[in-house]
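Please consult the sequence and the structure before reading each solution.

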Amino acid sequence: MVYKSSFTILFEDPFWIGLYERVGNGTYEVCKITFGAEPKDYEVYSFLLQNWNKLRFTLPIKTEKIEKRKINPKRLQRQISSQLEDRGMGTKAQQVLQLQRDQNKAAKRIKTKEQKEIERRQQYALRQEKKKAKHKGR
C-alpha cells in the first residue's frame, strides 16, 4: 500500500490548523489538527510522532489513480515553490471535512433523538407510577 501524503499548516482565525492529506490505493483522506499558537517545526514533528495512531482521518473518498512518472527537476522545484506559497486550504480538503462534519452531525442528531425518547419513556413511567400510588391512597 503506497500513500502519498502532505501536511499543510495554515492560520484559520483564531487558531493555527494542520491539514494532513493522504492519497493512496485510489482513495483520499484528510485529517484536521487544531493547534493553539503557531507551532514550530519540531513541535509538529513530535506531535505527529506521538499521536500518529490517534489521528482521525475522514472516511476514504475514491479518487483517480496516481501515475508514477519521472519529474523534471526544474518542474519539481517549481511545484515545491508553488506549494510553499500561502494558498490556504484546498477545496477538496474542505469538501471532505465538510462531509465528515455532516456525518458527525447526523450521528449526533440520531443519538440525541434516542436519548430524548428514552427520557420521555422514563418520565411517562414515573407519571404512571405516581398515578397508581395516588389511586392506592399513598
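A residue counts as exposed when its relative accessible area is over 50%, as buried when that area is under 20%, and as partly exposed in between. The model examined here is predicted.

**Exercise 1.** Classify Arg121 by its accessibility.

*Solution.* The relative accessible area of Arg121 is 57%. The cut-off for exposed is over 50%. Arg121 is therefore exposed.

**Exercise 2.** Determine which salt bridges Glu117 forms and how its partners are placed in the helix.

*Solution.* Step one: Glu117 pairs with Arg120, and their closest N and O atoms are 2.6 Å apart. Because Arg120 and Glu117 are three residues apart in helix H3 (residues 91-135), about one helical turn separates them.

Step two: a salt bridge also joins the side chains of Glu117 and Arg121, at 3.2 Å from N to O. These two residues of helix H3 are four residues apart, about one turn of the helix.

**Exercise 3.** Classify Arg120 and Glu117 by accessibility.

*Solution.* Arg120 has 49% relative accessibility and so counts as partly exposed. Glu117, at 28%, likewise counts as partly exposed.

**Exercise 4.** Is the salt-bridge partner of Glu29 buried or exposed?

*Solution.* Glu29 forms a salt bridge with Arg22, with 2.6 Å between the closest N and O atoms. Arg22 is buried, and Glu29 is buried as well.

**Exercise 5.** State how many salt bridges are counted.

*Solution.* The count comes to three salt bridges: Glu29 with Arg22, Arg120 with Glu117, and Glu117 with Arg121.

Notes:
Residues are numbered from 1 along each chain as its sequence is written. This is a predicted model: local features need pLDDT of at least 70, side-chain atom pairs count only at pLDDT 80 or more; totals for chains, interfaces and linings use all residues. Side-chain values use heavy atoms; hydrogens and water are left out. A salt bridge is a side-chain nitrogen of Lys or Arg within 4 Å of a carboxyl oxygen of Asp or Glu. Buried means under 20% relative accessible area, exposed over 50%, partly exposed in between (1.4 Å probe, protein chains only).
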